[in-house]
Amino acid sequence: MDQYYLNLLFVGATFALYIGIAIWARAGSTDDFYAANRGVHPITNGMATAADWMSAASFISMAGIIAFNGYDASAYLMGWTGGYVLLALLLAPYLRKFGSFTVPQFIGERFYSKSARLIGVLCLIIASVTYVIGQMTGVGVAFSRFLEVSNTAGLLIGAAVVFFYAVLGGMKGVTYTQVAQYVVLILAYTIPAIFISLQLTGNVIPPLGLFSDFQQSGQPILATLNSVLGDLGFASYTGQQDTNLNLFLFTLTLMIGTAGLPHVIIRFFTVPKVSDARYSAGWALVFIALLYLTAPAVGAMARLNIIDTVYPNGVGEQSLAYDDRPQWIKNWETTNLIVFDDKNGDGRIQIYNDKNPDFAPRAQELGWNGNELEVNNDILVLANPEIANLPGWVIALVAAGGLAAALSTAAGLLLAIAGSVSHDLVKGALAPNISEKGELLTARIAMAIAIAVATYLGLNPPGFAAQTVALAFGIAAASIFPTLMMGIFSKSINNYGAVAGMLVGLVTTLVYIFLHKGWMFIPDTNSFTDTDPLFLSVKSTSFGAIGALFNFAAAIIVSKMTGRPPQRIQEMVEALRVPRGASAASAH
């Protein structure tokens with residue numbers, strides 16, 4: 001079967017499955033729409049959470065960033081995984097015990113303030129919309145290649161599918177759809193990785209293959225990659241290039257941003273019991289680990305495969321003639337995500353680090369006049385099966401997996417946005433007496449508007465999918481995480497402190513991001529870049545940890561100046577942290 005029709009078959013079949021599940025599990029009440037009637041099994045919820053978590057950034061973009069940035073990009077793995085541990089231990093069980101539908105609802109009731117609840121809605125919407133931009137970017141990348149449509153058309157198709165099953169099914173429909181999406185995306189990620197690991201190292205387990213010998217050279221694959229990159233003027237793959245300060249802040253930002261992301265937190269509102277929230281988090285970590293342990297191998301092997309494609313006889317020999325380029329390069333050139341520019345007019349492709357002044361004499365000696373092949377980070381995982389000449393069904397499976405990853409997270413984010421608008425903004429502030437049917441309709445309208453906004457912004461993203469998502473983590477880290485932590489573990493933070501903290505954390509982080517990425521992400525309106533940042537070596541993606549410190553500081557100072565919360569709130573916080581039926585410790 002022709003590859004195009006094979007792709008269409010796999011993608012169409014999975015879309016039909018998602019829509020079928022949404023119809024079967026459609027939401028009939030606000031309990032169904034917001035929290036799946038709190039009846040989801042912990043293992044099922046763990047799998048759905050993993051799908052919700054492993055977005056386009058994880059599936060499509062993370063391996064690409066690891067491939068081109070090496071050791072420094074390990075911060076994504078450490079930050080995202082570590083953040084999940086924080087979420088499981090410090091937030092999920094307590095928020096489930098509280099029993100709210102949404103994160104802003106908890107903030108509003110804990111800090112006894114409609115203002116705090118509304119600012120929580122604002123923080124949630126800004127973080128979630130920024131995150132959704134990354135998902136829609138991934139949808140556009142996948143569709144533009146595999147269904148041979150424009151990026152714009154791909155975004156619109158993806159938005160229509162998400163609209164149907166998320167708006168119809170709510171949390172109940174999305175939960176069971178995400179279980180199916182997890183199965184699709186994990187198979188799509190690991191099967192090509194196994195094939196490629198076998199080809200390059202003979203090891204069937206990709207994480208072990210990363211530390212095995214490269215069959216062509218007989219030396220460890222990472223040592224081979226370091227050697228090849230060094231011969232082309234690139235930095236060591238396994239060496240640290242970024243500053244310790246920025247790496248530390250970036251990892252911390254991803255950790256606390258993960259723990260503060262509302263679309264992940266609300267998943268723990270769907271299980272029957274408080275203890276199930278912990279079990280769900282544990283199972284989610286198991287399911288996530290299957291992909292995260294594989295990603296470094298995928299990135300390293302893809303980088304090596306690209307270099308071997310361009311220099312088939314070794315980097316010391318003649319490079320590939322452009323007219324002899326393999327079909328996978330031709331396929332991706334049509335999407336403009338691979339661009340060739342014959343700068344020296346020799347008809348051959350040269351890849352090297354033309355920004356390294358120490359390599360310039362060598363490049364001049366070889367007659368090279370600049371790097372000639374630009375490869376978008378976001379295509380590596382999707383292109384991997386083609387690069388490795390894997391069977392057509394594997395290519396089609398990866399297409400379906402990439403779309404499953406992007407759509408599953410987009411649906412979770414849109415649910416978080418819709419829930420906050422309908423439950424916290426409309427029912428909580430504007431129309432307290434709205435009927436359940438009216439609230440459900442409002443949630444669906446809010447989701448439709450959010451999809452439209454996300455689709456529009458997805459056409460003009462501020463960076464690669466993983467970079468865009470990292471900005472969302474920074475916003476969540478600076479605004480939501482500190483407020484939740486203080487709400488659970490401090491009886492002294494009052495409503496004024498919470499409001500001041502959220503506003504200070506949100507505004508300082510947004511301003512720093514906009515100074516580097518452009519105001520409202522509009523191109524060419526930035527004053528600084530991440531290669532030349534405003535403050536020391538701190539990039540825009542790393543500032544969330546500093547914004548969180550500002551949040552904590554502002555909340556503590558303002559609370560001390562304005563008095564302790566009411567006694568009933570202090571008692572509520574105390575009860576939240578103590579398991580039901582627990583008694584005071586006694587001496588024996």
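**Salt bridges and packing**

Modeller: The structure holds six salt bridges, a salt bridge being a side-chain nitrogen of Lys or Arg within 4 Å of a carboxyl oxygen of Asp or Glu. This is a predicted model, in which local features need pLDDT of at least 70 and side-chain atom pairs count only at pLDDT 80 or more, while totals for chains, interfaces and linings use all residues. Residues are numbered from 1 along each chain as its sequence is written, and side-chain values use heavy atoms, with hydrogens and water left out.

Biologist: How many residues apart are K539 and D242, the pair that links distant parts of the chain?

Modeller: The side chains of K539 and D242 meet in a salt bridge, at 3.7 Å from N to O. K539 sits in the loop between α21 (495-517) and α22 (544-562), whereas D242 belongs to the loop between α10 (221-231) and α11 (244-259); helices here are DSSP runs (H or I, at least four residues), numbered from the N terminus.

Biologist: How many residues apart in sequence are the parts tied together by D530 and K517?

Modeller: D530 forms a salt bridge with K517, and their closest N and O atoms are 3.4 Å apart. D530 lies in the loop between α21 and α22 while K517 lies in helix α21, so the parts that this pair ties together are 13 residues apart.

Biologist: Are α3 and α18 roughly parallel or roughly perpendicular to each other?

Modeller: Helix α3 (residues 42-53) packs with helix α18 (residues 392-430), their axes 7 Å apart and the angle about 100 degrees; axes are lines fitted to C-alpha atoms over the stretch in contact, and angles run from 0 to 180 degrees between N-to-C directions. A51, D52 and W53 in α3 meet S408, T409 and G412 in α18, with contact meaning heavy atoms within 4.5 Å. Angles under 35 degrees count as roughly parallel, over 145 as roughly antiparallel, 65 to 115 as roughly perpendicular and the rest as oblique. The two helices are therefore roughly perpendicular.

Biologist: Which residues is Q105 in contact with, leaving aside its neighbours within four places in sequence?

Modeller: Q105 is part of helix α6 (residues 103-110), and its relative accessibility of 12% makes it buried. Leaving aside neighbours within four places in sequence, the residues in contact with Q105 are S100, R117, H423 and D424.

Biologist: How far apart in space are S422 and Y311, C-alpha to C-alpha?

Modeller: S422 lies in helix α18, where it counts as buried at 0% relative accessibility. S422 and Y311 are 111 residues apart in sequence, and their C-alpha to C-alpha distance in space is 57 Å.

Technical notes: Buried means under 20% relative accessible area, exposed over 50%, partly exposed in between (1.4 Å probe, protein chains only).
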